[in-house]
Amino acid sequence: MKRFKKVLALVLAGVLALAMLTACDGTTDPDKIMPDDGTVEVVMTINNTAANKGLGQVEYSAKYSAVTKALLENWLEWRTNGNQNTKYREEYEKITAELGNVKIVVGLTKDTTPLAAQANYNPARKASFKYDSIVADSSTYNLAEKVGVAFVTTSDGTVYQAVCLFDVR
C-alpha cells in the first residue's frame with residue numbers, strides 16, 4: 001500500500017508537469033484578441049489585399065486599435081469645423097504622445113485636418129471603406145507591422161471606421 005501511494009504520487013506529479021506544458025499556443029495575449037465587431041474581416045481583407053500585391057502582412061493590435069479609436073473620435077468631433085484645425089492637432093498630439101517612437105504610417109495623421117480628411121478614404125462610413133488605398137503606397141505600407149481598427153457609431157446611426165497602420169520598429 002505504501003509503495004502504491006508513492007507510485008501514484010509520482011504518476012500524478014508527472015501528469016501535472018505535462019498539464020503545465022499544454023495550452024501554450026500564444027493566443028492568450030490580450031493585445032491579439034480581436035473583437036466581434038468586424039475587425040477580423042478588416043484585418044483579413046487588408047492582409048489579403050496586401051498579399052495580392054506581393055506585400056507583407058500586418059498583425060492586429062488591441063493597444064493600437066484603442067489609439068485608432070481615440071483618433072477617429074477626435075476626427076469626428078472636429079471634422080466639420082474648419083476653424084478648429086488647431087484643436088484637432090492638439091488633441092491628436094495628446095492621443096499619440098504615449099506612442100513614443102511608434103509612428104502612424106497609414107491612416108489618421110496630424111496633417112489630416114478635419115476639412116481635408118473629409119475627402120480622404122480614411123475614416124469612412126463602413127460601407128464605403130476602400131482597403132486598396134491602404135496598400136496603394138507600398139513603400140509606406142511596408143513600414144507597418146501592426147494595424148489598429150476602430151468603429152464608432154454616431155448619434156444618427158452612421159458607423160465610421162478607421163484603420164491605422166503602425167511602424168513599431
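Lysine 146 is found in strand E4. Strands, like helices, are DSSP runs numbered from the N terminus; a helix (H or I) has at least four residues and a strand (E) at least two. The model is predicted, so local features need pLDDT of at least 70 and side-chain atom pairs count only at pLDDT 80 or more, while totals for chains, interfaces and linings use all residues. Residues are numbered from 1 along each chain as its sequence is written, and side-chain values use heavy atoms, with hydrogens and water left out.

Start with the surroundings of lysine 146. Its relative accessible area is 16%, so lysine 146 is buried. Buried means under 20% relative accessible area, exposed means over 50%, and partly exposed lies in between (1.4 Å probe, protein chains only). Leaving out residues up to four places away in sequence, lysine 146 touches Val58, Glu59, Ser61, Tyr64, Cys164, Leu165, Phe166 and Val168. Contact here means heavy atoms within 4.5 Å.

One of these neighbours is also a charged partner. Lysine 146 and glutamate 59 meet through their side chains in a salt bridge of 2.7 Å, N to O. This pair links distant parts of the chain: lysine 146 lies in strand E4 (residues 146–153), glutamate 59 in strand E1 (residues 59–60), and 87 residues separate them. A salt bridge is a side-chain nitrogen of Lys or Arg within 4 Å of a carboxyl oxygen of Asp or Glu. Glutamate 59 has 35% relative accessibility, so it counts as partly exposed.

With a relative accessible area of 6%, tyrosine 60 is buried. Its contacts, apart from neighbours within four places in sequence, are Asp31, Lys32, Ile33, Met34, Pro35, Thr39, Val43, Ser65 and Val147. With serine 65, tyrosine 60 makes a polar contact, side chain to side chain, at 3.5 Å. A polar contact is a pair of N or O atoms within 3.5 Å; within protein, one must be able to donate a hydrogen and the other to accept it, and residues adjacent in sequence count only if both atoms are side-chain atoms. The C-alpha atoms of tyrosine 60 and methionine 44 are 9.8 Å apart, and these residues are 16 residues apart along the chain.

Now step back to the whole chain. It has six helices and five strands. From the N terminus on, they run α-α-β-α-α-β-α-β-α-β-β. Of the 169 residues in the chain, 39% are buried. Take the contacts between residues at least 6 apart in sequence: 69% of them join residues at least 24 apart.

Next come two of the helices. Two packed helices are described by the angle between their axes and the distance between the axes. Helix H3 (residues 62–78) and helix H4 (residues 85–96) pack at about 170°, with axes 10 Å apart. H3 is therefore roughly antiparallel to H4. Axes are lines fitted to C-alpha atoms, for helices over the stretch in contact, and angles run from 0 to 180 degrees between N-to-C directions. Angles under 35 degrees count as roughly parallel, over 145 as roughly antiparallel, 65 to 115 as roughly perpendicular, and the rest as oblique.

Which residues make the contact? H3 supplies Val67, Ala70, Leu71, Asn74, Trp75 and Trp78, and H4 supplies Lys87, Tyr88, Glu91, Tyr92, Ile95 and Thr96. Eight of the contact residues are nonpolar, two polar and two charged. Nonpolar covers Ala, Val, Leu, Ile, Met, Phe, Trp, Tyr, Cys and Pro; charged covers Asp, Glu, Lys and Arg; the others, Gly among them, are polar.

Threonine 96 belongs to helix H4. Its relative accessibility is 14%, so threonine 96 counts as buried. Not counting residues up to four places away in sequence, threonine 96 touches Leu71 and Ile104. Threonine 96 and leucine 71 are 25 residues apart in sequence and 8.6 Å apart in space, C-alpha to C-alpha.

Helix H4 also holds lysine 87 and glutamate 91, four residues apart, about one turn of the helix. They form a salt bridge, with the closest N and O atoms 3.4 Å apart. Lysine 87 is partly exposed because its relative accessibility is 29%. Salt bridges link Lys87, Glu91 and Lys94 in a network.

The structure holds four salt bridges. One of them joins the side chains of arginine 169 and glutamate 145 at 2.2 Å, N to O. Arginine 169 sits in the segment after strand E5 (159–167), and glutamate 145 in the loop between helix H6 (138–141) and E4, 24 residues apart. Arginine 169 counts as exposed because its relative accessibility is 66%. Glutamate 145, at 18% relative accessibility, counts as buried.
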